[in-house]
Amino acid sequence: ANMLASMANPVGIALGVLLPPFLVPSTTLHAILHDIPRMLWIFILPAALTVLVTCLVWKNRPPTPPSPSAGEESEPFLQGLKKLLYNRKYHVLLLMWGVGLGIFNTLITLMQQILCPFGYDDEVVGVGGAVMCLLGLVGSGITCVYVDRTKNFVPTVKICYIGASLGVLWFVLSSFQRGMEPMIYASLGFFGLFGYGLLPIILELCVECTYPVAEATSAGMLWLAGQVVGIVFLVVAQLPVLQTKLPTSPAPPTTAPPPNSTVVNTTHECAYDLTNAGLFVAAAACVSTAFFVLCFTSPYRRVEAEKKVGGIQDSGEIAKLRQHY
């Protein structure tokens, strides 16, 4: 359940990269102005349906708690936030997840601009996003089943971080050469396999190292850090010092345009070469992964508490146990 819920965000992003080239294939301005509203309606319908289901159907908690800790009352937000401020292990996790999600958002946003100077079009970006998404679902399924049975959160997260960073580095180095579509697809798939597999596990690890802080508080701060770092990375990656301006030479259309239509240039002329920006993203991934692998370790507080609670029936004793953590 956690895998399906946590994968909704990155899968939606990947679909947002995959679908536009196929939903807006036209080359004339009139056709594009017709196709883009249709694409927006296609995107807004599942989002609106999700909002309706959340408001009308979704419950605050399941009828039967899936575990002893899930049946307990969560701590108030400010009290949980105060505990997070003094949890150093959570600080490392917050920093690393922020950098990891920021790298993912930056890579997805700038992928077309990184590939464009080397002759890759929107279709390559779309297919690459699809491969990344599909293998990501496989990776998340594998890691969730493995961790659910073994409870090896920290080693699994570290392995996924290493694999995702290697995938980013592989993609960036492959994108600097022409005619490397298979390598680009393979690198994005490799990144998706480990990067998407990391997502549900790190959210569970966050709960383990911050118990008994409410899951919504600790996980919400992780997502907030990821979005903030993503904005910072996007700004830094597009600084003039990391860009090389390319000469533009628009080619005329090979066929005569239809009457009363404006032809849009689809030769993918690129204004800037983002090679340095890609290297910056790859370097950030490698450095942050090395720091996390060497510096992070954490006890599994929730797992330990649930083992102790399993033999306790008195609610007062359970409350004392929560205070201990």
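Modeller: Start with helix 8 and helix 9, which are roughly antiparallel to each other. This is a predicted model, where local features need pLDDT of at least 70 and side-chain atom pairs count only at pLDDT 80 or more, while totals for chains, interfaces and linings use all residues. Residues are numbered from 1 along each chain as its sequence is written, and side-chain values use heavy atoms, with hydrogens and water left out.

Colleague: Why are helix 8 and helix 9 called roughly antiparallel?

Modeller: Helix 8 and helix 9 (residues 181-210) pack at about 150°, with axes 7 Å apart. Axes are lines fitted to C-alpha atoms, for helices over the stretch in contact, and angles run from 0 to 180 degrees between N-to-C directions. Under 35 degrees counts as roughly parallel, over 145 as roughly antiparallel, 65 to 115 as roughly perpendicular, and the rest as oblique. So the pair is roughly antiparallel. Helices (H or I, at least four residues) and strands (E, at least two) are DSSP runs, numbered from the N terminus.

Colleague: What is the hand of the crossing of helix 8 with helix 9?

Modeller: Left-handed. That word applies if the near helix is turned anticlockwise from the far one by less than a right angle; clockwise is right-handed. The contact of helix 8 with helix 9 has 22 nonpolar, 7 polar and 2 charged residues. Here Ala, Val, Leu, Ile, Met, Phe, Trp, Tyr, Cys and Pro count as nonpolar, Asp, Glu, Lys and Arg as charged, and the others, Gly among them, as polar.

Colleague: What makes helix 6 roughly parallel to helix 8?

Modeller: The axes of helix 6 (residues 88-115) and helix 8 cross at roughly 20° and come within 12 Å. That makes helix 6 roughly parallel to helix 8. Their crossing is left-handed. Contact means heavy atoms within 4.5 Å. By class, the helix 6 contact with helix 8 has 9 nonpolar, no polar and no charged residues.

Colleague: And helix 7 with helix 9: at what angle do they pack?

Modeller: About 35°, with the axes 6 Å apart. This crossing is right-handed. The contact has 16 nonpolar, 9 polar and 1 charged residues.

Colleague: How do you know that Arg38 and Asp35 meet in a salt bridge?

Modeller: A salt bridge is a side-chain nitrogen of Lys or Arg within 4 Å of a carboxyl oxygen of Asp or Glu. For Arg38 and Asp35 the N to O value is 3.5 Å. The count by this rule is 1 salt bridge. The two are 3 residues apart in helix 4 (residues 29-56), so about one helical turn separates them.

Colleague: What stands out about Lys151?

Modeller: Its phi is near 65°, a positive value in a residue other than glycine. Lys151 sits in the loop between helix 7 (122-150) and helix 8. In another loop, between helix 9 and helix 10 (215-237), is Pro212. A cis peptide bond joins Tyr211 and Pro212, with omega about 10°.

Colleague: Where is confidence lowest, and where highest?

Modeller: Helix 13 (residues 315-324) is lowest, at a mean of 48, and helix 8 (residues 153-174) is highest, at 91. These values are pLDDT, the predictor's confidence in each residue, from 0 to 100. The protein's mean is 77, and 76% of its residues reach 70 or more. Over residues 249-257 pLDDT stays under 50, and the model has 7 contacts beyond four places in sequence for them.
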